[in-house]
Amino acid sequence: QKVETIVAGHDARHRILAERLTYLRARIADAQHDTTNTTWREVETALFAIRVASDYLPVDPGEDEYEDVTRTATSGSLRRLSLASQAEAAKMALENSAFSRGRSASEPGLLPSGPGATGGFSAPSYLAAVLNEFGALPSHVRVAKSAIKLVGAFAGRFGGLAPTAMALILPGFDEPGLCTTTASCLRELCSSSADNLVPILGNMVSSLTRAMDKLPLRPQLLALEALGYVIAKAEPGEALGALEVLALPLIEALEAELEHGDVEAAHVLTSLTATLSLLTAACRFVDIRSAVPGRSTPLLCVVERAWPAIEAAATVAHRDEELVVALTQFCGNVLRASSKAFAPHLDVMLSLMTSTYIVQPAAPLLNVIETAVAIHKSTDALRAVLPGTIDGVVTQTLAHFSASDSAISAAPDLVYGFFSLLTAVLRYEPAAVVASDSLNHLFLTGMRALSSQEKTAISS
C-alpha cells in the first residue's frame, strides 16, 4: 500500500510513520519467501523503527476517528470494531494468535485490511494498519517481543482499538521468553485504556488465570496490577466477580500455607510473602467506592474474605522482614483504595498493626497507621481507636529505644517512622498525643534522636 493512502503529505512526522509502515510491509513480504530464516531480523528492525517513533502519533484521538475505521472496514475476521462487539472480536483474535502460527500475506488479517478513507492522517487508521500486519509476522520470539513492545509504546493511543491490541498480545503469556514483556505491555495498555477494555474483562481474566501457574513472580505481579485498572472501571457486580476469580485462589493458597506449612521454615515464609504480594497486586487499583447490592464494595468483600488469613500471617510476620513489608503493603493499599468506606473496619486494622508492632517494632507498621490517620482524620471511627493505638505504639517504641544506648542510631528507619507518625497525629488528632502519659519520655527520646547521624531520622 502506498504511503499516500495514509498521509496527505503535509506533515513530516506522519510521513515518517507511514514510510516505516511501508518498510515493515516490504520486510514481511520478503520473509514470506525466505528460505534461510534470516529476514526476521529485518522485520524486528522495522517494528523497532515504528516503536521509537510512537511520539509522532497524536494522543487520545477523537472517537469519531475510531468510528470511521470501524465503518470503513470491509474485510478480516475482526470486521466490526464497535464497542458493542469488542468482546467477541477479541475472543476471535485470541483464537487466531499471530504468535503461535505463521500466516500467509494473502490470508485475511486479524484486522481490517486498510486504514480506511478518512482523508489525511488518522491515528486509529494507522494503528489498525500496523496491527493488521501482525498476522503475517515471521514466527520468531524476538519478532514477537518487538511486536508486543510496539503495542506497549502506543498504549495510550489505541482508544477503541484497545481490545483488539489486547487480544493480540495475550498469547505472549504462553511463551516463556515473552511473558515479562507481555505483562509490562498489558500494564501499559490497561492503565491507559481501561474504559475501552471493560467489555473484554472476562476474557482477560480467563486468559491470565490459565497462565498464572506458568509465570514467574514478576510477570504475575504486573499482570494482576494491570487487570486492577480495568476492574476498577467495571460495574460493582462485574468487578467483584472478576476480582474474586483472581483473588480467591491466592487467599486459599495463603490459608493452606499457614495451616499446613512450617511457618518457621524460610521457604514457607518466602512463599507467604510472594502470595501476599500477589494478593496486594490484584487489589492495588480496585478503588471502586460503589457497593455491590446487599454487600460492601468489591474490594472490601474480598478483604473480608481474606482477613482471617491476614491476621494469621501477622502472627508470624516478626520472623521475616520481607513478610512484614508484604503485610503492610496489603493493608496500606486497602486503606488507600477504599478510603472512607473502610471506616467500619478501622479498629480491626489498627489493632492488628499495633499488636504486630508490639511483638516486633517495624517502621512499615507505623506507616500503615500514619496512612489511616491521614485518610480518616477528624472522623469518629479514628477518634475511637487512635488513643489506644498511640499508647501501645509509644510504650513499645520507648521501651525499644531504651534497651541500649545504640538502639536509636541502629534503627534510623524506625526513628523516622515513629516521629513521622507522631507528627501526623499532632497535625490531625493532637489529643491522642498530648493526653499520653508518656509525653515527657517522648521529649527526652526526641532529644536523643537528634544525635542520630541519619538525616531523614533527624528531620522527622
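Analyst: The model is predicted, so local features need pLDDT of at least 70 and side-chain atom pairs count only at pLDDT 80 or more, while totals for chains, interfaces and linings use all residues. Residues are numbered from 1 along each chain as its sequence is written, and side-chain values use heavy atoms, with hydrogens and water left out.

The structure holds ten salt bridges, a salt bridge being a side-chain nitrogen of Lys or Arg within 4 Å of a carboxyl oxygen of Asp or Glu. Among them is a network that links R27, D30 and E42. In one of its bridges, the side chains of D30 and R27 meet at 2.8 Å, N to O. Both residues belong to helix α1 (residues 12–32), where they are three residues apart, about one turn of the helix. Helices here are DSSP runs of H or I with at least four residues, numbered from the N terminus. An α-helix has 3.6 residues a turn, so residues three or four places apart point the same way.

R27 counts as buried, at 16% relative accessibility, whereas D30 is partly exposed at 35%. Buried means under 20% relative accessible area, exposed means over 50%, and partly exposed lies in between, with a 1.4 Å probe and protein chains only. R27 also meets E42 in a salt bridge of 3.4 Å, N to O. Since E42 lies in helix α2 (residues 40–51) and R27 in helix α1, this pair ties together parts that are 15 residues apart in sequence. E42 is partly exposed, with a relative accessible area of 37%.

Another salt bridge joins K214 to D174, with the closest N and O atoms 3.4 Å apart. This pair links distant parts of the chain, 40 residues apart: K214 is in the loop between α9 and α10 (217–231), and D174 is in the loop between α7 (162–169) and α8 (179–197). K214 is exposed, with a relative accessible area of 56%.

Helix α9 (residues 201–211) has L201, M204, V205, S207, L208 and A211 as its buried residues. These cover an arc of only 165° around the axis, which puts them on the same side of α9; the arc is that of the directions from the helix axis to the C-beta atoms.

E133, in the loop between α5 (123–132) and α6 (141–153), is buried at 11% relative accessible area. E133 touches L21, L24, R25 and I28, residues up to four places away in sequence not being counted; contact means heavy atoms within 4.5 Å.

Finally, consider H376, which is placed in helix α16. H376 is buried, with a relative accessible area of 0%. Residues up to four places away in sequence aside, H376 touches L335, S339, K340, F342, A343, L346 and L382.

How values were computed
Helices (H or I, at least four residues) and strands (E, at least two) are DSSP runs, numbered from the N terminus.
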